[in-house]
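Here is a short note for a colleague opening this entry for the first time. Please read the points with the structure on screen.

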Amino acid sequence: MSTPSLFSDKRELLPFDGSAWLIPKFFEPTHTAHLFQQIMDETPWEMPEMVMFGKKYSQAGLSTWFTNTNVSYVYSGITRTPHAMTPVLQAVMDQCTVASGAEYNSVLVNLYRDGNDSVSWHADNEEINGSEPTIASVSLGATRRFDLRHKESGETVRVDLEDGSLLVMSGLSQHCWVHQIAKTKTRVGPRINLTFRRVISNAKI
Ligand SMILES: O=C(O)CCC(=O)C(=O)O
Ligand SMILES: [Mn+2]
């Protein structure tokens, strides 16, 4: 496993009400290619069916929930079965802890097969994430645009999440902002996104 790059190009994306910082090249390309393939091959991909407010809610094409706890992840009316954390995901999680100083115990692995796979505006504000969660998001494969929008002012921040990037959202970011990966008509290849979280096992859900 290669070591993360220096964190010199770390930058803050949010102007106020929380933090979302980005290191565009956290992992080197040779390492990300290997990670992408291994996670692609080892993941028992699931396609959750979601109904929210009576209409289909579009989520990343395929995704799977891995955790060191026995917590099922419940969001937007669906329950994700826990899978045991794999060594490769654990290793990436440990590197996210080194970079961010936060502890994680779970990861939602998302596969966007092409520009038609997306995740619509939402915040990761479920009770099991705790009140001001720190969420570390690693992107592998094709670059996709990530948007953040302030819930009250409507201010929008747009950023490209490149192969090997690390984005860490914390503080008020899940209270005050929503985020999305929009569909794109541009031809894009597959992308895997890993969102590491620390879930609280005794939260009332
Ligand atoms: O794919 C991404 O960059 C974001 C995924 C996301 O927001 C989520 O899993 O909650
Ligand atoms: Mn999210």
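1. Start with β9. Seven of its seven residues are buried, so β9 is largely enclosed by the rest of the structure. Keep in mind that this is a predicted model.

2. Both faces of β9 are covered. S106, L108, N110 and Y112 lie on one side, and V107, V109 and L111 on the other; all are buried. In a regular strand the side chains alternate between the two faces of the sheet.

3. Which strands pair with β9? β5 is joined to β9 by six bridges, and the two run antiparallel. Within that pairing, L62 has L111 of β9 as its bridge partner. β16 also pairs with β9 in the antiparallel sense, over seven bridges.

4. Now the whole sheet. It is open and has eight strands, in the order β1-β2-β14-β11-β16-β9-β5-β8, with mixed pairing. β1 (11–12) and β8 (83–84) stand at the edges with a single partner strand each, so one side of each has no neighbour in the sheet.

5. Look next at β2 and β14. Residues 19–23 form β2 and residues 166–170 form β14. The two strands run antiparallel and are joined by five bridges. W21 has V168 as its bridge partner in β14.

6. Two helices lie across strands of this sheet. Helix α1 (residues 29–42) lies across β9, β11 (135–141) and β16, at about 95 degrees to β11. Helix α2 (residues 87–100) lies across β5 (62–67), β9, β11, β14 and β16, and runs at about 125 degrees to β11.

7. What surrounds ligand 1? The shell consists of L108, N110, V119, D124, S137, F146, L161, H179, I181, N193 and T195. By class, five of these residues are nonpolar, five polar and one charged. β9 (106–112), β15 (177–181) and β16 (191–197) each supply at least two residues of the shell. Two of the shell residues, L108 and N110, are on the β9 side that also holds S106 and Y112.

8. Finally, check R80. Its place is in strand β7 (residues 78–80). W65 is 15 residues from R80 in sequence, yet their C-alpha atoms are 6.3 Å apart.

Technical notes
Residues are numbered from 1 along each chain as its sequence is written. Chains are lettered from A and ligands numbered from 1 in the order in which they are written. This is a predicted model: local features need pLDDT of at least 70, side-chain atom pairs count only at pLDDT 80 or more; totals for chains, interfaces and linings use all residues. A residue is near a molecule or strand if its C-beta atom, placed from the backbone, lies within 6 Å of it. Helices (H or I, at least four residues) and strands (E, at least two) are DSSP runs, numbered from the N terminus. Ala, Val, Leu, Ile, Met, Phe, Trp, Tyr, Cys and Pro count as nonpolar, Asp, Glu, Lys and Arg as charged, and the others, Gly among them, as polar. Two strands pair if DSSP finds at least two bridges between them. Two residues are in contact if their C-beta atoms, placed from the backbone, lie within 7 Å. Axes are lines fitted to C-alpha atoms, for helices over the stretch in contact, and angles run from 0 to 180 degrees between N-to-C directions. A residue is buried if 20 or more other C-beta atoms lie within 10 Å of its own, exposed if 12 or fewer, and partly exposed in between; C-beta atoms are placed from the backbone.
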